[in-house]
Amino acid sequence: MKKTISLIMSVVMALSILSAGVSVNANAVYTYNDGDDFYKYEFINSSTVKIVDHTQHYSGASVLYIPETIEGYTVTVIDKKAFQKNFSEITEYVIPSTVTVIKEYAFYQGSSSNVTTLTIPSSVEEIEEGAFQTMKKLKTLNFSKGLKTIGAHAFAHCTALTKVVFPSTLTDIEAEAFSGCTSLSTITLNNNLKYIYNDAFLSHAAKSITIPKSVASIGASAFSSHSIQKATILSKNVNIQAYSSFYNGSFYDKGKKVKLYGFNGSTTQNYVNNGYNFYYYTFVSITHPTKTKITKLTAKKKAFYVKWAKSTNCDGYQIQYSLKKSMSSSKKKTVKGASSTSKTIKSLKKKKTYYVRVRAYHKYSGKTYYSSWSAKKKVKTK
C-alpha cells in the first residue's frame with residue numbers, strides 16, 4: 001500500500017508541474033518507487049533529473065539496475081552521496097547509459113560495501129571526488145570510452161582491485177584517485193592521458209609502469225610504492241614534479257633503485273640527473289641503438305658471409321641485400337641477439353654482385369627502434 005501511495009504521489013506531482021506550464025522546481029525533492037527500490041530525485045531541467053538518494057531496496061537482488069528514466073524524465077546525474085546507504089546484498093551497480101556525471105561520494109559507503117563489480121558506461125564523462133572510495137571488495141572495474149576525468153580519491157582504498165585499463169578518452173587522473181589500492185598490480189594508461197596528479201596511484205602493487213607520450217605532468221608520489229622497479233616514460237617533455245613521483249623507498253642502493261627508461265635528452269634523463277634524484281633512480285636509454293658497421297664480407301658459392309661490429313642497447317640486427325645499388329627490390333634477414341654478429345646468406349644467384357648493409361634494432365614496450373644503416377658494401381657471389 002505504501003509503495004502504491006508513494007507512486008501515485010510522485011505521478012501527481014510530476015503531472016502538476018507539467019500542467020502548470022511553468023519551469024520545474026529544481027529545489028524540490030520527489031520520491032519514486034520502481035517496484036523494488038525507492039529513490040529520491042530532483043529536476044535539473046524540464047527533461048532531465050538527478051538521483052539524490054536511494055532509500056530502500058526491497059527485492060534483495062545482488063545486482064541493482066539504476067533506472068534510466070524516472071516518470072519519463074531522463075536520469076543524467078547521480079548526485080553526491082546518493083547511494084551512501086549500504087544494502088549488504090548488493091554486489092554490483094549497473095549505471096544507466098544516460099548518466100553523464102557521477103558526483104562526489106555518490107557511492108561511498110565506508111568499508112562496509114560488498115560491491116565486487118562496476119562498469120562505467122560510455123555516457124559518463126566525469127567521476128567526481130570519492131565517488132567509489134573504499135569499496136574494499138571491488139575486484140572488477142570496467143571503464144568505457146567517453147570518460148574524461150577521474151576525480152580525487154574516486155577509487156581510493158579499493159584494496160581488492162588488481163587491474164585497471166583506462167579508456168582512450170581519459171585526460172585527467174586527479175590526486176589520490178587510486179591511492180591505497182594495494183593489490184593493483186596492472187595499470188594500463190591510455191595514449192590521450194595528459195595529467196596524473198599527486199599520489200594518484202600511491203601504494204600500488206605494480207612492478208612496472210609505462211607512461212604514454214601524451215602525458216604532460218606527473219605529480220609528487222603519483223606512482224610511489226615499494227613494489228615499483230621500473231617505469232618507461234615515452235613522453236620526451238613530461239614534467240615530473242618531485243623526487244617521490246616513482247619512489248620505492250630505496251636510498252642510494254644500486255640494486256633497488258627504480259630504473260627510469262626514457263629518451264636521451266629527454267626531461268626524464270634530466271630529472272634523474274637533477275639534484276639528489278640519482279640516489280633513487282637509474283636512467284636507462286630507450287633511444288635507437290648505436291650504428292654498426294660491416295667488418296667482413298666474403299663471397300661464397302651462391303652465398304656470402306657478412307660480419308659486423310656489435311651495437312649497444314640492441315636486441316638483434318637486420319641485414320638488407322639487393323642486386324641494385326639503390327637497394328630497391330631488396331630482401332632482409334633478421335638476426336636475433338645482441339652478441340650474434342655474423343651471418344651467411346644463402347640461396348643467391350651465382351656470380352652476381354650484391355649490395356649489403358646492416359642495422360641494429362631494439363624492442364621495448366611493444367615498439368621496435370632501429371639504428372641508421374651501416375655503409376653499403378658489395379660482394380660478388382661464386
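## Exercises on loops, rings, cores and sheets

S203 is found in the loop between strand 16 and strand 17, where strands are DSSP runs of E with at least two residues, numbered from the N terminus. The model is a predicted one, in which local features need pLDDT of at least 70 and side-chain atom pairs count only at pLDDT 80 or more, while totals for chains, interfaces and linings use all residues. Residues are numbered from 1 along each chain as its sequence is written, and side-chain values use heavy atoms, with hydrogens and water left out.

**Exercise 1.** Describe the backbone and the accessibility of S203, and then compare the setting of H204.

*Solution.* Begin with the backbone: phi of S203 is near 70 degrees, a positive value in a residue other than glycine. Next take the accessible area, for which buried means under 20% relative accessible area, exposed over 50%, and partly exposed in between, with a 1.4 Å probe and protein chains only. At 34%, S203 is partly exposed. H204 lies in the loop between strand 16 and strand 17 as well, but its relative accessibility of 2% makes H204 buried. Finally, the side chain of H204 reaches the backbone nitrogen of A206 at 2.9 Å, which is a polar contact (a pair of N or O atoms within 3.5 Å; within protein, one must be able to donate a hydrogen and the other to accept it, and residues adjacent in sequence count only if both atoms are side-chain atoms). For a further positive phi, turn to H153, which is not a glycine and has a value of about 65 degrees; H153 lies in the loop between strand 12 (149-150) and strand 13.

**Exercise 2.** Which backbone oxygens does the side chain of S123 reach?

*Solution.* First locate the residue: S123 lies in the loop between strand 9 and strand 10 (126-127), and its relative accessible area of 16% places S123 among the buried residues. Then follow the side chain, which reaches the backbone oxygen of V99 at 2.6 Å and the backbone oxygen of S97 at 3.0 Å.

**Exercise 3.** Classify the ring pair of F166 and F201, and explain which parts of the chain this pair ties together.

*Solution.* The structure holds 33 aromatic pairs, counted for rings of Phe, Tyr and Trp (its six-membered ring) with centres within 6.5 Å, where planes under 30 degrees apart are stacked, over 60 edge-to-face, and the rest tilted. For F166 and F201 the ring centres are 6.0 Å apart and the planes stand at 75 degrees, so the pair is edge-to-face. F166 sits in the loop between strand 13 (163-165) and strand 14 (172-173), and F201 in the loop between strand 16 (195-196) and strand 17 (208-211), so the pair ties together parts 35 residues apart in sequence. Both partners are buried, F166 at 6% relative accessibility and F201 at 0%. Ring pairs also link these two into a cluster whose members include Y39, F83, F155, F178 and F246.

**Exercise 4.** Identify the residues with the most contacts inside the largest nonpolar core.

*Solution.* A nonpolar core is a set of buried Ala, Val, Leu, Ile, Met, Phe, Trp, Tyr and Cys residues joined through side-chain atoms within 4.5 Å. The largest has 75 residues, and F155, F178 and F246 have the most contacts inside it. Apart from this core lies another of 18 residues, among them W308, C314, Y354 and A360. In soluble globular proteins, nonpolar side chains tend to be buried together.

Key
Helix = DSSP H or I, 4+ residues; strand = E, 2+ residues; numbered from the N terminus.
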